[in-house]
Amino acid sequence: MMNNSIGFKIKKLREQKEISQEDLAFQLDVSQSYLSKIENGAIEKLDFIFMQKIADFFKVEPQYFLEGDTIINNNVETSNNSAVGNVVTVTNTLDNHLLENVINNQHQINQLMEMQNKLIEKLLKD
């Protein structure tokens with residue numbers, strides 16, 4: 001069983017800080033049921049802005065959630081394990097790069113939208 005899901009890591013961080021699910025949900029501006037679904041793995045796809053919020057809250061790098069760390073499986077042969085390890089490393093580097101690009105793109109989109117809104121306001125005033 002692999003316990004390196006994003007939800008598992010969020011739960012681990014939350015428990016380390018001794019914060020209730022309710023409090024964390026409030027801090028992140030989501031419902032407790034949504035956070036619960038993330039933690040128990042029912043929701044696996046999270047948007048990057050939300051991931052950034054969680055990373056900021058716990059003071060960790062967003063890539064922390066993308067790294068596979070705790071693999072609890074005693075039946076895996078050593079040769080398989082190292083092969084899998086290599087693939088995971090490559091993927092993480094790609095994911096981190098992708099994550100940075102998406103966050104940068106999101107910031108640029110937000111700036112463009114703000115500029116667009118200001119232009120529209122100006123046009124409406126004239």
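**Figure 1. The buried residues of helix α2 pack against α1, α3 (32–39) and α4 (48–58).** Packing here is judged by contact, meaning heavy atoms within 4.5 Å. This is a predicted model, in which local features need pLDDT of at least 70 and side-chain atom pairs count only at pLDDT 80 or more, while totals for chains, interfaces and linings use all residues. Residues are numbered from 1 along each chain as its sequence is written, and side-chain values use heavy atoms, with hydrogens and water left out. Helix α2 covers residues 21–28, and Q21, L24, A25 and L28 are its buried residues. Seen down the axis of α2, these buried residues fall within an arc of 100°, so they line one face of the helix. The arc is taken from the directions that run from the helix axis to the C-beta atoms. On the other side of α2 you will find E22 and F26, both exposed. Buried means under 20% relative accessible area, exposed means over 50%, and partly exposed is in between (1.4 Å probe, protein chains only). Just after α2, D29 takes a positive phi of about 65°.

**Figure 2. Helices α2 and α3 cross at roughly 105°.** Their axes come within 8 Å. From α2, the contact is made by Q21, E22, L24 and A25, and from α3 by Q32, L35, S36 and E39. Axes are lines fitted to C-alpha atoms, for helices over the stretch in contact, with angles from 0 to 180 degrees between N-to-C directions.

**Figure 3. Helix α1 has its own set of buried residues.** These are I6, G7, K9, I10, L13 and R14. Looking down the axis of α1, they fall within an arc of 165°, so they line one face of the helix. Their cover includes α2, α3 and α4. Just after α1, E18 takes a positive phi of about 55°.

**Figure 4. R14 sits in helix α1 (residues 6–16).** With a relative accessibility of 10%, R14 counts as buried. The side chain of R14 reaches the backbone oxygen of I19 at 3.0 Å. Neighbours within four places in sequence aside, R14 is in contact with I19, S20, Q21, L24, E39 and F58.

**Figure 5. E100 lies in helix α5 (residues 78–125).** E100 is partly exposed, and its relative accessible area is 47%. The C-alpha atoms of E100 and P62 are separated by 9.0 Å, although these residues are 38 apart along the chain.

**Figure 6. The whole chain, for orientation, contains five helices and zero strands.** From the N terminus on, the elements run α-α-α-α-α. Helices (H or I, at least four residues) and strands (E, at least two) are DSSP runs, numbered from the N terminus. The chain has 126 residues, and 22% of them count as buried. Among contacts with a separation of 6 or more, 70% are accounted for by residues 24 or more positions apart. The accessible surface comes to about 9300 Å², with 54% belonging to carbon and sulfur atoms. Accessible areas come from the Shrake-Rupley method with a 1.4 Å probe, and for residues only the protein chains shown count as cover.

Terms used
Polar contact = N/O pair within 3.5 Å; in protein donor to acceptor, adjacent residues only side chain to side chain.
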